[in-house]
Structure formats: structure tokens, C-alpha cells
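Here is a short report on one protein model.

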Amino acid sequence: GDTYADAGETIELLPSIRNLGREALGELTITFIADDPAINIITGEVTIEGLDGQNESFSRNPMVIEINPACGDLHDVNFVLSMDNGEETWTQEASFTTHAPVIGQQFLTILDENGNNNGRLDPGEETEILMSISNIGSGCAYDVEAEIFSGSPYIEVLESVSSTDIIESNEIGEFDPAFSIRVSEDCPNPERAVLYVRYTGNLYQSHSDIINLNIGGELYAFER
């Protein structure tokens with residue numbers, strides 16, 4: 001109901017026709033014509049009853065168009081309206097723009113209060129990871145769920161699923177609850193590991209990403 005063609009939505013288009021001539025037109029059949037994988041035409045033909053000269057009228061029933069969740073952000077859907085009264089045919093070119101969320105930057109916070117509380121991952125620690133992501137697209141992301149998978153033999157995922165209700169366009173969404181992982185005591189120090197994360201959600205195309213983790217390392221204190 002926001003007048004935008006958002007990814008995954010089903011929209012309704014209500015054509016209006018103005019008769020610029022002086023003579024009346026009989027019943028008009030209007031056909032929506034497009035060849036674009038970003039949309040699926042559910043109802044592509046409507047009618048308008050006879051139209052007097054110099055008057056305007058709307059179809060009583062809408063055209064129904066389904067927007068592909070993978071439509072892409074700011075994609076222009078070009079279409080043609082073909083109007084036929086049984087004797088003549090008129091065409092009108094038009095377009096609308098699709099809006100979709102786009103996952104941007106990840107933001108991670110390491111909570112190792114159960115370990116040595118130094119804000120980093122260390123061998124033998126059980127740690128929570130708070131994650132948030134930015135939405136750099138023009139559409140909202142709803143009910144986004146993130147699931148993480150270990151890409152390292154030294155990382156065990158304890159709490160793998162987290163979610164956020166909505167991430168507005170150009171905003172940052174925080175996931176809750178925190179993810180939880182355990183670093184093996186046998187993990188080399190220092191070590192680099194990865195987590196794989198998969199995002200899914202309502203009106204949102206699935207997306208995968210990688211989280212790079214630094215484990216251990218030396219801390220140095222410098223005197224001035």
C-alpha cells in the first residue's frame with residue numbers, strides 16, 4: 001500500500017483512458033504487454049465500457065502484476081498498453097521501477113565475557129557474536145533471518161540462527177539473539193577462520209556472505 005513496486009509483492013494497475021475525440025468509443029479491451037523476467041503477469045487484460053468523446057474512464061477491474069523477489073533494485077520494467085475497440089488499435093508505452101533491499105556492510109561485535117574479555121576470539125573460548133547489516137537498497141527487507149555455518153574445523157557453532165523484523169532502506173538492522181560459537185582449545189594461535197552466513201526473508205532474495213574471523217594473536221602494550 002505504499003505505491004511502490006517492491007520485490008516479491010503483487011501490485012494492481014488500474015488503467016485510465018481519455019477519449020480526445022468528439023465521437024464515442026465502444027467497449028475497449030486493454031492488454032498489458034511486457035517481456036521481462038522481473039515480473040509475472042497474472043491478469044493482463046481488462047475492459048472499459050463505452051467512452052463518450054472528451055471524457056475519461058477507468059477500468060472496473062485492475063491488471064495484476066507479480067514482482068519477482070529477484071527483480072533487482074531500481075530496475076525499470078518497460079511495458080506497452082494495447083487498446084482495441086474492435087475496429088482500431090492504439091498503443092501506449094509506459095514503465096515502472098522496482099524496489100528491492102540490497103545487503104551492504106556487516107558489523108560484528110565479539111562478546112567474550114565468558115573468556116578473557118579482551119574483545120577478540122581466543123582458543124578455548126565460548127563467545128557470542130552480535131551482528132548487524134546495512135540495507136543499501138531502495139526497498140525494505142522484512143523478517144530477515146540469518147543462519148551461520150562454520151568453515152573451520154576449529155569453530156563449533158552453538159547458536160546458528162538470528163533474525164531482525166525490518167531493515168528500512170539505507171538503515172542498519174540488528175539481529176537478535178546473538179550468535180554463539182566455541183573456539184577449539186586445539187586452535188592454532190594466531191589463526192584465521194571463516195563463517196558462512198545465509199540471509200533469507202519475506203520479500204527478499206536469498207543472499208550468502210562470508211564472515212572473516214581473526215583468532216588469537218599477541219597484544220602489545222607500549223609505554224610512552
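## A nonpolar surface patch

Phe149, Tyr196 and Ile210 form a nonpolar patch on the surface. Together they have about 270 Å² of accessible area. Accessible areas come from the Shrake-Rupley method with a 1.4 Å probe, and for residues only the protein chains shown count as cover. Patches are made of residues with over 30% relative accessible area and no salt bridge; like charges are joined within 9 Å, and nonpolar side chains (Val, Leu, Ile, Met, Phe, Trp, Tyr) within 5 Å. A salt bridge is a side-chain nitrogen of Lys or Arg within 4 Å of a carboxyl oxygen of Asp or Glu.

Ile210 is found in strand β19 (residues 204-215). Strands (E, at least two residues) are DSSP runs, numbered from the N terminus. Ile210 counts as partly exposed because its relative accessibility is 42%. Buried means under 20% relative accessible area, exposed over 50%, and partly exposed in between (1.4 Å probe, protein chains only).

## How the model is read

This is a predicted model: local features need pLDDT of at least 70, side-chain atom pairs count only at pLDDT 80 or more, and totals for chains, interfaces and linings use all residues. Residues are numbered from 1 along each chain as its sequence is written, and side-chain values use heavy atoms, with hydrogens and water left out.

## Aromatic rings

How many aromatic pairs does the structure hold? There are three. Rings of Phe, Tyr and Trp (its six-membered ring) pair if their centres lie within 6.5 Å; planes under 30 degrees apart count as stacked, over 60 as edge-to-face and the rest as tilted.

Phe32 and Phe79 form a stacked pair, 4.5 Å centre to centre with 20° between the planes. Phe32 lies in strand β4 (residues 28-33) and Phe79 in strand β9 (residues 75-84), so the pair ties together parts that are 47 residues apart in sequence. Phe32 counts as buried because its relative accessibility is 5%. Phe79 is buried too, at 9% relative accessible area.

Phe79 also pairs with Phe96: the ring centres are 5.9 Å apart and the planes are at 50°, so this pair is tilted. Phe96 is in strand β10 (residues 89-99), 17 residues from Phe79. Phe32, Phe79 and Phe96 form one aromatic cluster.

## Cysteines

The structure holds zero disulfides. A disulfide is a pair of cysteine sulfur atoms within 2.5 Å. Cys71 is buried, with a relative accessible area of 10%.

Definitions and conventions: Helices (H or I, at least four residues) and strands (E, at least two) are DSSP runs, numbered from the N terminus.
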